[in-house]
Amino acid sequence: PFKGNIDLNKLQRLIDEKGAENIAYVCLAVTVNLAGGQPVSMANMRAVRELTNKYGIKVFYDATRCVENAYFIKEQEDGFADKSITEIVLEMFSYADGCTMSGKKDCLVNIGGFLCMNDEHLFQDAKEMVVVYEGMPSYGGMAGRDMEAMAIGLEESMQYEYIRHRVLQVRYLGDLLKEAGVPIIEPVGGHAVFLDARRFCPHLTQEQFPAQSLAANLYVESGVRSMERGIVSAGRDNKTGENHTPKLETVRLTIPRRVYTYKHMDVVADGVIRLFKHKETIRGLRFVYEPKQLRFFTARFEEI
């Protein structure tokens, strides 16, 4: 149930191999987007904190979906059923030195974000840098109206009724697809249903970008916009120039908060199921434009 957990043995091997002094920080994503929106257990957060404390390594959360993660802890982890979402979130962050936060997700707003840290010296360094890249530390490039909306969004996101509805709506879409035999990553995560492109398009090799092609064909089929999370997102090896080949080749069906009804989920499911019924017609892709950085945002492709 907590597939987002950091492998502590692997982390220890990395520390031993690279040396603690060469590790700037450990980034713990709550929840883990690239692994199907899977949550991290409180026990794992605590264990990561204990391990990194031995070596003086900082822990920063990618806290974009921290409230969703808290819901899974309340629902599935022993000892948290009677705790509020707020209490769980507070304990989660007690095991971190700071976080990055995209406001578009669990802050319930359409723009902005923030950076938090406990270390005063690091905070002063960040304040100096933010003047160069964003604006004055007192507003960070955001309008006052957007900052106020984010503050209200953070408060509202802690409401149990809201976050429960949020997660159950995503599961509803996942159940529709599973009932039709569409291969997805299970269990369904908190913010999206992830199609398993390897099983959806078994006739395509990974070098033919099956997830990217599936996302493109889904848009043509139904107008549903999705996101590739596979070999294209993984990028290339800086030394060899070869594509990184992740184990997961997925298409993310992300559900915006407080936007869609259950009927909208039916429309999305219908489009995916229609495409699945003629999946053998999906052809592989090749690059016609590949940027050097973050290629999955702006690359262009053509069918093979």
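A few notes on reading what follows. Residues are numbered from 1 along each chain as its sequence is written. Because the model is predicted, local features need pLDDT of at least 70 and side-chain atom pairs count only at pLDDT 80 or more, while totals for chains, interfaces and linings use all residues; side-chain values use heavy atoms, with hydrogens and water left out.

## Aromatic pairs

A pair of aromatic rings is described by the distance of the centres and the angle of the planes. Here, rings of Phe, Tyr and Trp (its six-membered ring) pair if their centres lie within 6.5 Å; planes under 30 degrees apart count as stacked, over 60 as edge-to-face and the rest as tilted. The structure holds 10 such pairs. Let us look at Phe 200 and Phe 276: their ring centres are 5.0 Å apart and their planes stand at 65°, so this pair is edge-to-face. Phe 200 belongs to helix 8 (residues 197–200) and Phe 276 to helix 11 (residues 262–277), so the pair ties together parts that are 76 residues apart in sequence. Helices (H or I, at least four residues) and strands (E, at least two) are DSSP runs, numbered from the N terminus.

Another pair, Phe 296 with Phe 297, is tilted, with 4.5 Å from centre to centre and 40° between the planes. Phe 297 has 59% relative accessibility, so it counts as exposed. Ring pairs also link Tyr 71, Phe 72 and Tyr 160 into a cluster.

In soluble globular proteins, nonpolar side chains tend to be buried together. A nonpolar core is a set of buried Ala, Val, Leu, Ile, Met, Phe, Trp, Tyr and Cys residues joined through side-chain atoms within 4.5 Å. The largest one here has 42 residues, and those with the most contacts inside it are Val 30, Met 42, Met 45, Tyr 61, Ile 73 and Met 92. Elements giving two or more residues to this core include helix 1 (8–18), strand 1 (25–29), helix 2 (42–55) and helix 3 (66–76). Helix 3 gives the most, with six residues.

A second, separate core has 28 residues, among them Leu 177, Cys 201, Ala 211 and Leu 218.

Among the buried ones are Cys 66, Glu 68, Tyr 71, Ile 73 and Lys 74. Their cover includes helix 2, helix 4, strand 3, helix 6 (144–157) and helix 7.

Contact means heavy atoms within 4.5 Å. Leaving out residues up to four places away in sequence, Ile 73 touches Phe 2, Val 40, Ser 41, Met 42, Met 45, Phe 80, Ile 88 and Met 92.

## The sheets

Two strands pair if DSSP finds at least two bridges between them. Four strands form an open sheet in the order 1-2-3-4, with mixed pairing. Its edge strands are strand 1 and strand 4 (113–117), each pairing on one side only. Strand 3 and strand 4 are antiparallel and share five bridges; there, Ser 102 stands opposite Gly 113 in strand 4.

An open sheet of three strands has the order 5-7-6 and antiparallel pairing. Strand 5 (192–196) and strand 6 (227–229) are its edges. Five bridges join strand 5 to strand 7 (residues 250–254), with Leu 195 opposite Val 251 in strand 7. Which residues of strand 5 are buried on its two sides? Ala 192, Phe 194 and Asp 196 are buried on one side, and Val 193 and Leu 195 on the other.

Note on methods:
Buried < 20%, exposed > 50% of the residue type's maximum accessible area, 1.4 Å probe, protein only.
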